[in-house]
Amino acid sequence: MPFQVLINLFIALLWMFLQDEWSVLTFFSGYLVGLLVLFLMRRFFPQSFYLSTFLSILKLFLVFIRELITSSVLVIRQVIRPRINITPGIFSLKTDLEGDLEVTLLALLLTLTPGSVVVEISSDSKVFYIHAMDIPESSDAVIKSSKVFEKAIKDVTRKCSN
């Protein structure tokens, strides 16, 4: 992937230097020409086309923002009640992610969503122990969001390794 980015930047710079006017617009048009050239030559590279990995990273970011907003609404709903009626607790969550990068990324994403904190990860990295603000509501939301996160994380990490 880094090799493809460097080739694309080289094509963009070459395109810009061969034009009469050196500007950001000619560099950008050269970058788009470089994307087209790399897309047409993608079968000659050992890795997948780097723009698909970039789009997967963008999708993971957008999934995180969506889950952050929904869990924030859940926490705000709990806080603005006249009487706080929560049942905090710890529950376990199994995962099928492999590798330290995938497990760490899921733990960070779950911890960054309000109302849940990853307390511990088992020694085989297959079970998360999560503290939730309100077990009935928060645990269901965390389980649902973890499945979405796992799919997006697999898209990113498995594309980068190919």
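These legends describe close-up views of a predicted model. Local features need pLDDT of at least 70, side-chain atom pairs count only at pLDDT 80 or more, and totals for chains, interfaces and linings use all residues. Numbering runs from 1 along each chain as its sequence is written, and side-chain values use heavy atoms, without hydrogens and water.

**View 1. Helix 3, residues 50-79.** Helices are DSSP runs (H or I, at least four residues), numbered from the N terminus. The expected span is 1.5 Å times one less than the number of residues. Buried residues (under 20% relative accessible area, 1.4 Å probe, protein chains only) include Y50, L60, F64, E67 and Q78.

**View 2. T26 in helix 2, residues 24-40.** T26 counts as buried because its relative accessibility is 14%. Its side chain reaches the backbone oxygen of E21 at 3.3 Å. T26 touches (heavy atoms within 4.5 Å) W15, M16, Q19 and E21, leaving aside residues up to four places away in sequence.

**View 3. E137 in helix 5, residues 135-161.** E137 has a relative accessible area of 25%, so it is partly exposed (between the buried limit of 20% and the exposed limit of 50%). E137 touches L74, R77, Q78 and R81, again not counting residues up to four places away in sequence. From E137 to S72 is 65 residues in sequence and 13 Å in space, C-alpha to C-alpha.

Technical notes:
Helices (H or I, at least four residues) and strands (E, at least two) are DSSP runs, numbered from the N terminus. A polar contact is a pair of N or O atoms within 3.5 Å; within protein, one must be able to donate a hydrogen and the other to accept it, and residues adjacent in sequence count only if both atoms are side-chain atoms.
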